[in-house]
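Okay, everyone, thanks for coming.

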Amino acid sequence: MKFLMVCLGNICRSPLAEGILQHKARAAGLEWTVESAGTNGYHTGEAPHRLSQKVAKINGINICDQRARNFTAADFDRYDKIYALAEDVLHEIRRIAGNKYDPSKVTLLMNEAFPGKNLDVPDPWYGEEPGYHDVFQQISEACDAIIAKYGVKMPAGS
């Protein structure tokens, strides 16, 4: 499967989501593609925020090689599932995608852990380090739900 995590600038939340889900998928023996993007171009080409990198590293995940990129309508052709990290991001995905928008492929990330609650992952950009730890935990919980939902492996020889 191919997953795309999307936030605004692609330097705080979505790089963490990419790193966390990729880490959990590998640990589960799943050969998934997990990437991330942002709906605005303010940080295109930049590495993740230093506090996102720090919190990921504390949790055994290296995200320092990621680089921010813009979400595009063509992402609907490339990915099986697209996760918005907040409601405003979901609206921007819809706007950018135009006629390529496929509601069956996109949802809020936290709906995996809390179905139908439509919860945002708060943007830690304006806060201090503890906010990044909170965001990490929220995303990690949602990623556990994704692994449980999509991670059923077929027995060898099936």
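Let's start with helix 1, residues 13–27: it lies across strand 1 and strand 2. Compare directions and you'll find helix 1 running at about 175° to strand 2. Then there's helix 5, residues 129–150, which also packs on the sheet, where it touches strand 1 and strand 3. The direction of helix 5 makes about 155° with that of strand 1. Oh, and keep in mind that this is a predicted model.

So what does the sheet itself look like? It's an open sheet of four strands, in the order 2-1-3-4, and the pairing is parallel. Which strands sit at the edges? Those are strand 2 (33–38) and strand 4 (106–108), and each of them pairs on one side only. Neighbouring strands here are turned by 25° against each other on average, if you ignore direction.

Now zoom in on strand 1, residues 2–7, and strand 3, residues 81–84. They run parallel, joined by four bridges.

Next up is helix 4, residues 87–97. Which of its residues are buried? V89, L90, I93 and A97 are. They're on the same side of helix 4, because they cover an arc of only 105° around the axis. And what do these buried residues pack against? Quite a list: strand 1, helix 1, helix 3 (75–78), strand 3 and strand 4.

Key: Residues are numbered from 1 along each chain as its sequence is written. This is a predicted model: local features need pLDDT of at least 70, side-chain atom pairs count only at pLDDT 80 or more; totals for chains, interfaces and linings use all residues. Side-chain values use heavy atoms; hydrogens and water are left out. Two strands pair if DSSP finds at least two bridges between them. Helices (H or I, at least four residues) and strands (E, at least two) are DSSP runs, numbered from the N terminus. Axes are lines fitted to C-alpha atoms, for helices over the stretch in contact, and angles run from 0 to 180 degrees between N-to-C directions. Contact means heavy atoms within 4.5 Å. Buried means under 20% relative accessible area, exposed over 50%, partly exposed in between (1.4 Å probe, protein chains only). The arc is that of the directions from the helix axis to the C-beta atoms.
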